[in-house]
Amino acid sequence: YTFFQRSGRAQMYTNILASLPEFASCKKMLDLGCASGINGIAIVSAHPTMKGVSFDHPRTVEVVREMIRRYGMEGRMEAIGGNYAEDSVGEAYDLILASDTLYYTREEIDPIMTKLHDALNPGGVMFTIHPCLVSERTKPGNLVLTNLFAELKGEDMVGLLDQSFLADAMLRAGFRSVRSKTIDTDWGREDIDIGRKQA
């Protein structure tokens, strides 16, 4: 996953988030389900003062801490290990990034989204990006084919959400507004949902 984040994905997220009107005033961000932590490091590096928290399973945290050291971000980034479905993710964030992670907890999405909404400061922003299925879960074709074997075995398409799944969950959790769009990336079509908490 480190290669995946270094292959242009971290820069793409940074460019999108830096273009948001709230970005300049952000003081603290959460990279939820951060994997190697490269995405969060890149985003925090693009801001002059913002600090960041990288959150993932405890077994991943040592890798994240090594990345923080490697990029010289010890004074601005920290890594926390836990299960975000059960544990506290912290508080007083101005920005939350959730990339390719929330499909692991689809059955618990409402309490998780409420937790994330509560962890944001008033006026805070949540940014999610995930591959999503459309047309009654028959498209995009590459995602369906990738998961076809699991589906034929009677398993659900792991790692795939229906379009609008996260946007609807954000609204149920109390976000003031949600803006969604589909983008074409080097890794295929993905859906972005940007939720804003009431100021």
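This report walks through the fold, the nonpolar cores and a few backbone details of the chain above.

The model is predicted, so local features need pLDDT of at least 70 and side-chain atom pairs count only at pLDDT 80 or more, while totals for chains, interfaces and linings use all residues. Residues are numbered from 1 along each chain as its sequence is written, and side-chain values use heavy atoms, with hydrogens and water left out.

**Overall picture**

The chain holds seven helices and nine strands (DSSP runs numbered from the N terminus: helices are H or I with at least four residues, strands are E with at least two). Of its 199 residues, 51% are buried; buried means under 20% relative accessible area with a 1.4 Å probe, counting protein chains only. The accessible surface comes to about 9,600 Å², and 52% of it belongs to carbon and sulfur atoms (Shrake-Rupley method, 1.4 Å probe). Take contacts (heavy atoms within 4.5 Å) between residues at least 6 apart in sequence: 72% of them join residues at least 24 apart.

**Two nonpolar cores**

A nonpolar core is a set of buried Ala, Val, Leu, Ile, Met, Phe, Trp, Tyr and Cys residues joined through side-chain atoms within 4.5 Å. In the largest one, with 30 residues, Ile43, Leu95 and Phe127 have the most contacts inside the core. At least two residues each come from helices H1 (2–18), H2 (38–45) and H3 (58–70), and from strands S3 (77–81), S4 (93–99), S5 (120–130) and S9 (188–196). H1 gives the largest share, five residues. Leaving aside residues up to four places away in sequence, the contacts of Leu95 include Leu17, Phe23, Ile43, Leu120 and Val125. Another core of 22 residues lies apart from the largest one; Leu32, Phe55, Ile109 and Leu166 are among its members.

**Helix H7**

Leu166 turns up again in H7 (residues 165–173), where Ala167, Ala169, Met170 and Ala173 are buried along with it. Seen down the axis of H7, the buried residues fall within an arc of 160°, so they line one face of the helix; the arc is taken from the directions from the helix axis to the C-beta atoms.

**Positive phi angles**

Most residues other than glycine have a negative phi.

| Residue | Phi | Location |
|---|---|---|
| Ala35 | about 55° | loop between S1 (28–32) and H2 |
| Gly174 | about 110° | just after H7 |

Ala35 counts as buried at 16% relative accessibility, and Asp100 counts as buried at 12%.

Note on methods: Buried means under 20% relative accessible area, exposed over 50%, partly exposed in between (1.4 Å probe, protein chains only).
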